[in-house]
Amino acid sequence: MRECNSRDDDDPEVRFISHALQSVTYDARQSQERVVGSGRRSRPSIDRPRRHVHRRLVLCYVGGVGREAILQLDDQALVARVRAELASMCGVTAAPWFVEVNRWMRAMPQYTLGHLERLNQIEAALSRYGGLILTGAGYRGVGIPDCIRDGAVAAERVMRYLSGERS
Ligand SMILES: Cc1cc2nc3c(=O)[nH]c(=O)nc-3n(C[C@H](O)[C@H](O)[C@H](O)COP(=O)(O)OP(=O)(O)OC[C@H]3O[C@@H](n4cnc5c(N)ncnc54)[C@H](O)[C@@H]3O)c2cc1C
């Protein structure tokens with residue numbers, strides 16, 4: 001089990017929820033079951049050894065809003081639960097070839113009503129500290145493209161500040 005991105009701060013305005021990601025890999029030669037749904041199949045890339053061509057990777061998310069209690073389970077119980085759900089939803093009963101559990105504690109911000117107004121208030125309060133700039137998933141978008149866009153805007157603001165522009 002790996003715990004990733006644990007945050008020990010306690011921000012009452014933006015709640016960060018937790019989930020776990022299980023990477024469950026099957027050996028397609030030992031299982032005739034066809035995995036359906038939105039799971040991804042692992043494909044051999046140019047630099048990946050051909051011996052992995054028979055592997056099928058299924059990414060399974062557990063937890064999230066209203067379901068965080070499941071993360072109290074230990075890895076063994078969590079894997080058992082996911083395997084039971086894969087069996088009932090997709091008919092996959094084969095033993096996985098490899099399983100990895102990563103827990104992402106308080107990693108996903110959940111914006112609540114009034115988020116934009118709160119951001120405006122924070123920006124107004126920060127305006128007297130020109131070099132202090134906020135960016136990241138907790139503010140203007142959770143997805144990676146949002147974070148990249150906001151990070152680039154933040155970097156430009158930092159550069160302007162460092163070059164003496166104060167507006
Ligand atoms: C399991 C999971 C799957 C996801 N899948 C997707 C997806 O498929 N598509 C998508 O668009 N989004 C996805 N997201 C959401 C997206 O990945 C995150 O919202 C985004 O990466 C957050 O970016 P960030 O820059 O705010 O934070 P992070 O990416 O967490 O970056 C913060 C950085 O700050 C560093 N740091 C922390 N504390 C300090 C410190 N004190 N000093 C110095 N450095 C520090 C950390 O090491 C880290 O590198 C997923 C999120 C999770 C948790």
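Q: A residue is buried if 20 or more other C-beta atoms, placed from the backbone, lie within 10 Å of its own, exposed if 12 or fewer, and partly exposed in between. How many of the 12 residues of helix 2 are buried?
A: The number is zero, so helix 2 lies largely in the open. This is a predicted model, in which local features need pLDDT of at least 70 and side-chain atom pairs count only at pLDDT 80 or more, while totals for chains, interfaces and linings use all residues. Residues are numbered from 1 along each chain as its sequence is written.

Q: What makes a stretch of the chain a helix or a strand?
A: Helices are DSSP runs of H or I with at least four residues, strands are runs of E with at least two, and both are numbered from the N terminus. The chain has three helices and four strands, and along the sequence they follow the pattern β-β-β-α-β-α-α.

Q: Why is G63 called buried?
A: G63 has 20 C-beta neighbours inside 10 Å, and therefore it counts as buried. This residue is found in strand 3 (residues 55-63).

Q: Which residues does G63 touch, not counting residues up to four places away in sequence?
A: Two residues are in contact if their C-beta atoms lie within 7 Å. On that basis G63 touches S18, H19, A20, E68, I70 and L71. With A20, the C-alpha to C-alpha distance is 6.4 Å, although G63 and A20 are 43 residues apart in sequence. For the chain, residues 24 or more positions apart account for 72% of the contacts with a separation of 6 or more.

Q: What makes up the largest nonpolar core?
A: A nonpolar core is a set of buried Ala, Val, Leu, Ile, Met, Phe, Trp, Tyr and Cys residues joined through C-beta atoms within 7 Å. Here the largest has nine residues: A20, V24, V58, L78, V82, L86, V92, V101 and W104. Strand 2 (15-27), helix 1 (75-90) and strand 4 are the elements that give two or more residues to this core. Helix 1 provides the largest share, three residues. Across the chain, buried residues make up 11% of the 167 residues.

Q: Why does G151 count as exposed?
A: G151 has 12 C-beta neighbours inside 10 Å, so it counts as exposed. Its place is in helix 3. G151 and G136 are 15 residues apart in sequence, yet their C-alpha atoms are 7.0 Å apart in space.

Q: Why does D150 count as partly exposed?
A: D150 has 18 C-beta neighbours inside 10 Å, and so it falls in the partly exposed class. Its place is also in helix 3. D150 touches T135, Y139, R140 and G141, leaving aside residues up to four places away in sequence. The C-alpha atoms of D150 and Y139, which stand 11 residues apart along the chain, are separated by 8.9 Å.

Q: How do you know that T135 is partly exposed?
A: T135 has 17 other C-beta atoms within 10 Å, and therefore it is partly exposed. T135 lies in the loop between helix 2 and helix 3. Beyond residues up to four places away in sequence, it touches D150, G151 and A154.

Q: What is the phi of R106, although it is not a glycine?
A: R106 has a positive phi of about 50°. Its place is in strand 4. With 18 other C-beta atoms within 10 Å, R106 is partly exposed.

Q: Which of the 11 residues around the ligand come nearest?
A: A107, G136, A137, G143 and I144 come nearest. Strand 4 (98-110) and helix 3 (144-162) are the elements that give two or more residues to this shell. Strand 4 supplies the largest share, three residues. A residue is near a molecule if its C-beta atom lies within 6 Å of it.
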